[in-house]
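Please keep the sequence and the coordinates at hand while reading.

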Amino acid sequence: MKQNNPRKPSKRLRHKLLAYFLGFSGIVLALLWFMQTVFLDDMYRIIKTVGIERSADFISEHIEDENIVKVLDEMHLQNDMRIEVYDTTSGKTFYLLYSSREQGDLGLNYYPHQLYSYYSQAKKAGGEGLFSEQWDKENIPQLPKTEHENAINLTCVRVFESSGRELMLMLRSAITPIESTVTTLRFILIFISGILLLLSVTMSLVLSWKFSKPLNDTNEKAKRLAKEDYSPSFDSFGYREIEELNSTLNFAAEELGLASNLRKELIANVSHDLRTPLTMIKGYAEVMRDIPGEMNEENLQAIVDESTRLSNLVSDLLDISKLQSGAVPIEKKVFSLTDCTSEILSRFENLSQQQYSLSFESQRDALVFADRARIEQVLYNLISNAVNYSGDKKEVKVRQVVLSDTVRIEVSDSGKGIEPEKLKNIWDRYYRADKNHRRAVVGTGLGLSIVKEILDLHGAHFGVHSKVGEGSTFWFELSLAEN
Ligand code: ADP
């Protein structure tokens, strides 16, 4: 079948996944490159600065420790940091107490005026100072040029009292990443970019295969449903959503199969039920036409009866389709359910003469608020079923029980009952438990589904108790309107 869909056909899952993965990798890579080119210097500087300041705090707290020289040596080697401690008690002459120079530090010596300037600035600022300056390339020939070109140097100064002396601690380190680090990072980034691209393509291929294979399987089988082949079992698996979809489709296939069988049965039933009265009408009419003496009231009545059956059948069919499409509004008013029930029962009196025993038991008159015509239909259908299935005993009992705020109608018959496994199906359209049953009143397999629709529309409770060999009791409850 050709579909008129103005929408552009969507992309295949594989292409979509590939696009998403590539997009994701692109964003990650762009972020990495951006961080590397824009923020690397800043981040490096911040991390380094915080590190130097922490070291300065640590050293000033532990300066009197016995093994401080060892600690300082290690700190210098590990952090690539120049460390110097001066005794500045005199305020003029600074005595060098410790210098990492002894550890082979090739860093630049401070000029005395530089030392003094750091000292006085730190003192002014409460004993702490942070000074950064660019390496002076001309003056530091001893440093490998490539490593420290454009390097910014940070000097952290602490002036503090310790055991009656005034000490000045100076820590110095480059806070710009050296070129070799930057090159290494760049190389790693290129490597990661390549791997990420490769992974994106592989992952999208693998995932699309994993996702689309069960979907394609299900799709192929679903196409068969459209061709009225309800046999396929949807069993592809892989992830929960597809398994749920499959179980829904299995359920749908089962229901569609059932509905299709029921439809076929309905056609068979309805055509059978239509043909019987039609044949009778035709028969009577022909007899009356051909045999002069047969033109009598009895035969005419038979034709009228059969026509009534026919019209009942047709109106049943119309009713169910109207009820199910919601085309019938429920028109509620207050009426006596007791009167209504006895009135419907009286319609079956003709049958009673054929040895059917019909009885009605009620304690009092019960008023309900409901759609009278529809409730009459419910009663009619339940009683006619009871008559049809009353078996050899031909006994039908209708009982009205008034409960606290509802009234309950029970229609019991003396028939052979319904097997438990068939009970749940009897409310379905066109369902007939016993396909070969011969009935006193014509039926379509629609009676109980009409009852169900009407009672559902009234929000009423209803049900059936049945015991094989003993008979069935169909019941429903409506709210009392007396309050
Ligand atoms: P039908 O026109 O076939 O009676 P219904 O919808 O009224 O259609 O009933 C559906 C089926 O339920 C019937 O075919 C019958 O098998 C079962 N059924 C209904 N009422 C009774 C009953 N009182 N006793 C036994 N079986 C019943």
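The notes below cover a helix, a group of strands and a loop residue.

This is a predicted model, in which local features need pLDDT of at least 70, side-chain atom pairs count only at pLDDT 80 or more, and totals for chains, interfaces and linings use all residues. Residues are numbered from 1 along each chain as its sequence is written, and side-chain values use heavy atoms, with hydrogens and water left out.

**Helix α1**
- Helix α1 spans residues 13–62 (helices are DSSP runs of H or I with at least four residues, strands runs of E with at least two, numbered from the N terminus).
- The end C-alpha atoms of this 50-residue helix lie only 64 Å apart, whereas a straight helix would reach 74 Å (1.5 Å times one less than its number of residues).
- A kink of about 70 degrees is centred on Phe39 (the bend is the angle between axes fitted to the seven residues ending there and the seven starting there).
- Buried residues of α1 include Leu17, Leu29, Leu40 and Ile52 (under 20% relative accessible area, 1.4 Å probe, protein chains only).

**Strands**
- Strands β7 (residues 357–362) and β9 (residues 395–402) run parallel and are joined by six bridges (strands pair if DSSP finds at least two bridges between them).
- Seven bridges join β9 to β10, and these strands run antiparallel.
- A hairpin is formed by β9 and β10, with three residues between them.

**Ile418**
- Ile418 lies in the loop between β10 (406–413) and α11 (420–423).
- Ile418 counts as buried because its relative accessibility is 13%.
- Ile418 touches residues including Leu423, Val468 and Phe474 (heavy atoms within 4.5 Å).

Conventions
Buried < 20%, exposed > 50% of the residue type's maximum accessible area, 1.4 Å probe, protein only. Lists of a residue's contacts leave out its neighbours within four places in sequence.
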